[in-house]
Amino acid sequence: MLNIQSKLPGVSTTIFTVMSKLAAEHQAINLSQGFPDYACDPKLIELVNKAMVDGYNQYAPMPGSMVLKETIAAKVEHLYQIKYNPDTEITITAGGTQAIFTALAAIINPGDEVIIFEPAYDSYAPTIKLLGGLVKTYELAPPAYGIDWDMVKKLFTANTRMIILNSPQNPTGSILSESDMEALIKLISGTDILILSDEVYEHLIYDGQKHQSVMLYPELKKRSFVVASFGKLLHATGWKLGYCLAPERLTKEFRKVHQFNVFSVNSAMQQAIADYLKTPEHYLGIAGFFQQKRDYFRKLLSESRFELLPCKGSYFQCVSYGHISDEKDVDFSMRLIKEFGVATIPVSAFYQKGTDHKIIRFCFAKEDQTLALAAEKLKNI
């Protein structure tokens, strides 16, 4: 027997894989994992095919195709009136999760502390631990999942190296406000603390709210890695394409790791996405598209016994079931699959300590008929 010491001994298969597998076994409607059940734009498929026919089938440049990076720079300037140099400050990645991993790997040394807000996307903590860093957790509480920045300050030590932000937030659907950003600026001014801002749901902001990107604040922008995802933007999560925006000095460190991690990503898709995004209408309407789905799903669920939590962004709706059952959220979620035919995600999976507020998360990036059928089943609970 080989003696192998795990670097992540407490980590098992993700809850997303577990629930999706269970959903398939029981032929349940899968509202657990965050992916659409409808096709992306056929025009985008045509552009990928054209790029392949045109010969974009070999390695792309390590930092990414220049035409795509220029398109991203133009998009960011159009949306936020912020300039990034496509040559030195934008890197194309194999999805948002790879960008997150790479940014952390480029910066975090053993003993460095990283502050995260839980419930949190499940890649943050394991990656920090894998790198020898220490996770400092601030636990958010339902229903609003707001942040008390005075309490965050108490987590600071001489070893605090980075803070990870996620807005709109997965899994809660909460968003950071302008006052949140101003409070953060006060906390980190005069320090060397860096920011990793996970903004993959940047376009999924509802009710006329404005996305408070770190890019809008010079004090934050100069110290931030900003991660985005084409999978969320283009309804093509399986393509695994994203990008990282960062000042040149940070980008240099990022690319040192990126080149030995994936080196470069899908050449034809980069070309196709660059062509597709040159038409701003292809992404400017996405908030309205998903707000319609959010409102439709919330209306359907209002006829159930579930208590709806606020959803200001993302394509996730959290609900409370505490008044329905005393079961742990994992057990309740599994029973939903087996007895009612609907798959969800227990929010305790997003807390390292497994904090259970009796809340589950549904993905509403689905066809309306899928949402309607799921809601009919959920009304029987």
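Let's start with helix H4 (residues 96–107), which lies across S2, strand S5 (160–166), S6, S7 and S8 and runs at about 165 degrees to S7. Keep in mind that this is a predicted model.

- Seven strands make up an open sheet in the order S2-S8-S7-S6-S5-S3-S4, and the pairing is mixed.
- At the edges you'll find strand S2 (90–93) and strand S4 (134–139), each of which pairs on one side only.
- From one strand to the next, the twist averages 20 degrees.
- As a bit of background, strands of a sheet pair through backbone hydrogen bonds, either parallel or antiparallel.
- Strand S7 (residues 224–229) and strand S8 (residues 242–245) run antiparallel, with four bridges joining them.
- Across from Leu 245 in S8 stands Val 226.

**Another helix on the sheet**

- Helix H10 (residues 248–261) also packs on the sheet, where it touches S2, S6, S7 and S8.
- The direction of H10 makes about 25 degrees with that of S2.

**Aromatic pairs**

- Search the whole structure and you get 17 aromatic pairs.
- Take Phe 117 and Trp 149: their ring centres are 5.7 Å apart and their planes are at 70 degrees, so this pair is edge-to-face.
- Phe 117 belongs to strand S3 (residues 113–118) and Trp 149 to helix H6 (residues 149–153), so the pair ties together parts that are 32 residues apart in sequence.
- Phe 117 is buried, at a relative accessible area of 7%, and Trp 149 is buried too, at 8%.
- Tyr 201 and Tyr 315 also pair edge-to-face, at 5.4 Å centre to centre with 80 degrees between the planes.
- Tyr 201 is in the loop between strand S6 (194–198) and helix H8 (218–221), while Tyr 315 is in the loop between strand S9 (307–308) and strand S10 (316–320), so here the pair ties together parts that are 114 residues apart in sequence.
- Tyr 201 counts as buried at 4% relative accessibility, and Tyr 315 counts as buried at 1%.
- Tyr 201 and Tyr 315 also belong to a cluster linked by ring pairs, together with Tyr 38, Phe 289, Phe 290 and Phe 316.

**Charges over rings**

- Phe 316, one of the cluster's rings, has Arg 361 over its face, at 3.7 Å from the ring centre.
- Over the ring of Tyr 84 sits the charged end of Lys 221, 4.4 Å from the ring's centre.

Methods:
Residues numbered from 1 in each chain as written. Predicted model: local features only at pLDDT ≥ 70, side-chain atom pairs only at ≥ 80, totals over all residues. Heavy atoms only, no water. Phe/Tyr/Trp six-rings, centres within 6.5 Å; stacked < 30°, edge-to-face > 60°. Helix = DSSP H or I, 4+ residues; strand = E, 2+ residues; numbered from the N terminus. Buried < 20%, exposed > 50% of the residue type's maximum accessible area, 1.4 Å probe, protein only. Lys NZ or Arg CZ within 6 Å of the ring centre and 35° of its normal. Pairing = 2+ DSSP bridges. Axes fitted to C-alpha atoms, helices over the stretch in contact; angles between N-to-C directions. Contact = heavy atoms within 4.5 Å.
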